[in-house]
Amino acid sequence: MKLLNLGCGSRYHNSWTNVDFVSNSLDVITHNLLQGIPYKNESFEGVYHSHVLEHFNKNDGKEFLKECYRVLKFKGVIRIAVPDLERIVKEYIKNLKLSIEGDLQAQLNYEWIMLELFDQIVRTKSGGDMATYIYQDTLPNENYVFERLGEEAKNLRKLHLNDFDKTKKILPLTLNKSDKKYFRKIKNILKYKLKNILFKEEVNFFEKHNSFRKLGEFRLGGEIHQWMYDKYSLSKLLRDIGFKNIEVKTAFDSKISNWNKYQLDSKDNIIFKPDSLFIEAIK
């Protein structure tokens with residue numbers, strides 16, 4: 001059975017054909033999926049992608065799904081996992097209501113769900129405010145965040161705390177007064193020299209346009225979410241393209257044979273991305 005995993009990242013199985021924008025393994029083929037899927041019509045019995053579709057804008061996402069349809073064989077299965085907009089909105093409304101009523105825990109959860117709803121769309125730096133929240137010294141609603149994001153959030157926090165502990169062992173936490181005075185003096189000298197080499201307007205122009213360039217590069221880099229889906233909108237989109245028998249699934253059940261052995265959505269009954277909407281359809 002020929003199976004295709006698109007935008008696989010670091011989660012793939014070597015019995016599949018695995019494709020991503022950037023390869024991190026000999027088992028992963030590098031290809032820009034905005035330029036289509038590099039295989040002939042009706043090449044695969046199954047196509048899968050997890051938390052990929054939301055990174056395309058609405059029109060590119062539709063073209064991407066058309067490509068998935070093209071490379072699937074007749075009666076082939078497409079399986080898609082995306083962040084579930086409906087569940088996020090329900091969590092937002094629930095925590096909003098409880099927050100207004102004075103529930104302190106709900107107020108913490110409200111802060112997080114607002115980040116989940118907007119931060120992936122509006123962020124201007126990698127990780128955004130979601131990462132800042134997860135990396136707090138004390139995570140006040142840890143269970144809620146981990147329940148929403150699963151192992152991904154746990155691993156990010158664990159790595160961050162481990163790196164922070166290593167840094168504490170290597171670097172001094174504070175500078176003494178003479179060190180601070182010295183570095184402040186060097187900074188002021190460099191600042192003065194730069195402003196005397198370039199006119200003030202040129203300095204401002206350079207700083208402003210350099211920041212615009214970096215922002216543009218980040219926004220086009222593929223990290224942000226450009227569209228969101230619920231079971232109605234994604235089902236309709238699949239139906240419009242020509243897919244049939246559209247069903248909402250769990251992380252554990254699939255029309256793809258021996259699905260759980262591939263450990264793409266779960267492992268040992270642990271769901272990698274519990275905030276997901278899982279949908280399958282047939283060509």
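**Aromatic residues and the nonpolar core**

Visitor: Which residues does Phe64 touch, not counting residues up to four places away in sequence?
Guide: This is a predicted model, in which local features need pLDDT of at least 70 and side-chain atom pairs count only at pLDDT 80 or more, while totals for chains, interfaces and linings use all residues. Residues are numbered from 1 along each chain as its sequence is written, and side-chain values use heavy atoms, with hydrogens and water left out. Taking contact as heavy atoms within 4.5 Å, Phe64 touches Leu6, Leu33, Ile37, His49, Val52, Leu53 and Phe56.

Visitor: Which residues have the most contacts inside the largest nonpolar core?
Guide: A nonpolar core is a set of buried Ala, Val, Leu, Ile, Met, Phe, Trp, Tyr and Cys residues joined through side-chain atoms within 4.5 Å, where buried means under 20% relative accessible area, exposed over 50% and partly exposed in between, with a 1.4 Å probe and protein chains only. The largest such core has 27 residues, and those with the most contacts inside it are Leu6, Phe64, Leu65 and Leu234.

Visitor: Why is the pair of Trp16 and Tyr262 described as it is?
Guide: Rings of Phe, Tyr and Trp (its six-membered ring) pair if their centres lie within 6.5 Å, and planes under 30 degrees apart count as stacked, over 60 as edge-to-face and the rest as tilted. The centres of Trp16 and Tyr262 are 5.3 Å apart and their planes stand at 85°, so the pair is edge-to-face.

Visitor: How many residues apart are Trp16 and Tyr262?
Guide: Both Trp16 and Tyr262 are buried. Their pair links distant parts of the chain, with a separation of 246 residues.

Terms used: Helices (H or I, at least four residues) and strands (E, at least two) are DSSP runs, numbered from the N terminus.
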